[in-house]
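Good morning, everyone, and thank you for making time for this.

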Amino acid sequence: MTTVLTAGVSLKPQHYDAALACHAAGLWFEAHPENYMVAGGPRLAWLEAIRARHAISLHGVALSLAADAEPDAAHLARLAELARRIEPSLISEHLAWSTWRGAYYPDLLPFPRTSEALARVADNVARAQDALGRRIAIENPAHYLRIEGHAWEEIDFLTELARRTGCGLLLDVNNVFVGARNLGYSAEAYIDAFPGDPVMEIHLAGHMPDPNLGAALLVDSHDAPVAPEVWGLYERLIRRIGARPTLIERDDNLPEFVELLAERERAASVLHAPLAAAA
Amino acid sequence: MMSAPLAVPVTGALARFQDDFASALLAPGAALAPEIAALATQPAFAVYRNTVMKGCIDALQANYPAVARLVGEEWFRAAAAIHVRDALPSAPMLLDYGAGFAEFLARFEPAAEMPYLPGVARLDRLWSEAHGAPTEGALDPAVVAGLAPEALATTVLRPHAATRWAWFEEAPIYTIWSRNRATGAAAADLDWRAEGALLVRPGDAVTWMALDAAGCAFIEACAGGGTLAAAAHAALEAQGDADLSRLMSILLAAGAFSAMSRIDHPPCTEDDS
């Protein structure tokens with residue numbers, strides 16, 4: 001693939017007609033592969049129709065790379081089959097676990113960042129990259145809990161993971177903001193310390209205060225526009241590391257497609273700014 | 001709870017953390033290891049509990065829309081939460097989650113006054129199966145129209161990969177389901193009788209129609225590899241007054257079959273007299 005990704009948006013069935021008809025230059029879509037793991041039929045045909053016109057990134061939620069077990073072989077095979085069909089520009093996953101002892105927990109669950117965990121995640125990422133025959137990007141998670149027993153800072157953990165496996169990183173700026181607010185660290189310092197070279201993609205999303213706890217706990221809900229503070233962190237990041245493919249990530253409380261496109265335009269203008277400054 | 005250990009090599013502290021964390025997610029009252037108990041008392045732990053439950057319940061509601069419409073969202077989500085604790089997804093394709101939901105409803109005490117509910121759930125499930133089935137073309141009815149009567153004994157029709165059917169002896173499940181599957185369907189009087197349903201996906205959408213006992217028996221026989229003669233026999237067994245030529249043209253026009261083949265030697269059965 002030689003497609004150059006700029007700014008893209010999440011692909012949602014509710015936006016099918018508008019997404020298919022949109023001809024915005026460089027527009028790409030990100031899809032959750034688990035939603036297209038079917039034998040055939042209209043859902044897969046729809047994704048292929050979008051793919052015929054636009055680049056697609058596959059953003060998995062279920063490889064469970066931080067589980068203390070190898071990735072499920074059947075699931076990895078399904079992902080490889082979908083990738084063969086769709087030829088995505090990028091495949092990404094999370095620094096989290098979601099499948100354990102034969103049960104799937106539809107969430108991105110946390111774990112203590114120990115050296116044991118690093119060895120397991122690195123082995124799992126390597127297995128996934130071997131099965132897919134390509135480099136994948138791993139996303140920094142949102143944080144809610146104070147977990148005892150972290151032996152590694154998250155950025156060091158991700159940097160070492162990239163060094164050991166050759167994987168790329170997906171930097172979710174909203175996750176940084178949410179985690180920093182919930183656990184009380186500096187989002188700016190995190191953004192400034194994140195290694196720029198391995199970053200293959202950036203995510204921008206909205207968050208909400210927890211319905212019970214209010215602003216004391218922000219939830220990475222993907223159901224609102226990108227917050228002003230997150231735009232600020234994003235601009236700060238791009239100024240330092242340069243342009244990277246950037247996704248407007250929206251999964252719930254979906255607005256009209258044009259509203260997502262407007263957020264995408266804003267990201268695109270940030271991406272073009274460093275080039276303009278350098279010229 | 002779904003906790004029967006599978007063949008996952010447990011290597012140490014990370015596995016223990018995940019065992020305990022998973023227990024705490026679904027059983028708030030359970031005795032927990034101290035490390036996890038400390039986590040689970042943080043208010044933020046509820047974010048994970050809620051996200052896992054909401055993800056599973058949302059998936060059931062999406063996969064069983066006619067059941068949800070019949071019982072109302074509040075009842076549905078309360079029942080679904082109970083089912084989720086019994087049967088977490090075993091794979092991440094949530095489109096396929098809930099295979100056991102009809103059986104759950106059949107033995108769910110609060111659903112006893114709605115004996116039609118498991119059948120409605122079964123049709124919701126068949127819709128999902130039809131929707132995600134392999135892509136293939138439908139058999140051209142003209143291919144079958146030219147068959148000589150003597151060819152029936154050696155001709156086999158294969159149901160399309162997306163074709164699903166069900167016969168309900170006890171209740172008008174098809175009518176109840178189809179009224180609650182589409183929004184705004186009129187609630188006319190219900191004729192309490194046995195009914196069958198046919199779901200097909202000839203093009204890019206799943207469609208459905210009522211199918212009589214003869215039709216269900218016919219397509220069941222075809223799916224088992226039976227010849228058209230055997231399928232016709234099964235249809236007449238199920239319904240003595242079946243109009244076979246009309247039945248075949250309805251099924252063919254619906255796109256219920258994908259292929260026709262010939263067998264050289266028709267199987268001899270005790271019905272071949």
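Which strands of chain A make up the closed barrel, and in what sense do they pair? Keeping in mind that this is a predicted model, we find eight strands in the closed barrel, running in the order β1-β2-β3-β4-β7-β8-β9-β12, and their pairing is parallel. From one strand to the next, the twist averages 30 degrees.

Let me take one pair as an example. Strand β1 of chain A, residues 7–10, and strand β2 of chain A, residues 28–31, are joined in the parallel sense over three bridges, and within this pair A:Val9 stands opposite A:Phe29 in β2(A).

Helix α8 of chain A, residues 228–241, lies across β8, β9 and β12 of chain A, and it runs at about 165 degrees to β9(A).

These two helices also meet each other: α6(A) and α8(A) pack at an angle of about 120 degrees, and their axes are 9 Å apart. That angle makes α6(A) oblique to α8(A), and the crossing in which α6(A) passes α8(A) is right-handed. Sorted by class, the contact between α6(A) and α8(A) has six nonpolar residues, one polar and one charged.

Let us turn to chain B, which has 12 helices and five strands. Its radius of gyration is 24 Å, whereas a compact globule of 273 residues would have one near 19 Å. The C-alpha atoms of chain B fill a box of roughly 75 × 50 × 35 Å along the principal axes.

In chain B, three strands form an open sheet in the order β2-β3-β4, with antiparallel pairing. Because β2 and β4 of chain B stand at the edges with a single partner strand each, one side of each is left without a neighbour in the sheet. The pairing of β2(B) with strand β3 of chain B, residues 195–200, extends over five bridges, and there B:Ala166 stands opposite B:Ala197 in β3(B). Finally, helix α7 of chain B, residues 117–132, packs on this sheet and touches β2, β3 and β4 of chain B, its direction making about 170 degrees with that of β2(B).

Conventions
Residues are numbered from 1 along each chain as its sequence is written. Chains are lettered from A and ligands numbered from 1 in the order in which they are written. This is a predicted model: local features need pLDDT of at least 70, side-chain atom pairs count only at pLDDT 80 or more; totals for chains, interfaces and linings use all residues. Side-chain values use heavy atoms; hydrogens and water are left out. Two strands pair if DSSP finds at least two bridges between them. Helices (H or I, at least four residues) and strands (E, at least two) are DSSP runs, numbered from the N terminus. Axes are lines fitted to C-alpha atoms, for helices over the stretch in contact, and angles run from 0 to 180 degrees between N-to-C directions. Contact means heavy atoms within 4.5 Å. Angles under 35 degrees count as roughly parallel, over 145 as roughly antiparallel, 65 to 115 as roughly perpendicular and the rest as oblique. A crossing is left-handed if the near helix is turned anticlockwise from the far one by less than a right angle, and right-handed if clockwise. Ala, Val, Leu, Ile, Met, Phe, Trp, Tyr, Cys and Pro count as nonpolar, Asp, Glu, Lys and Arg as charged, and the others, Gly among them, as polar. The radius of gyration is taken over C-alpha atoms; the globule rule is 2.2 Å times the number of residues to the power 0.38.
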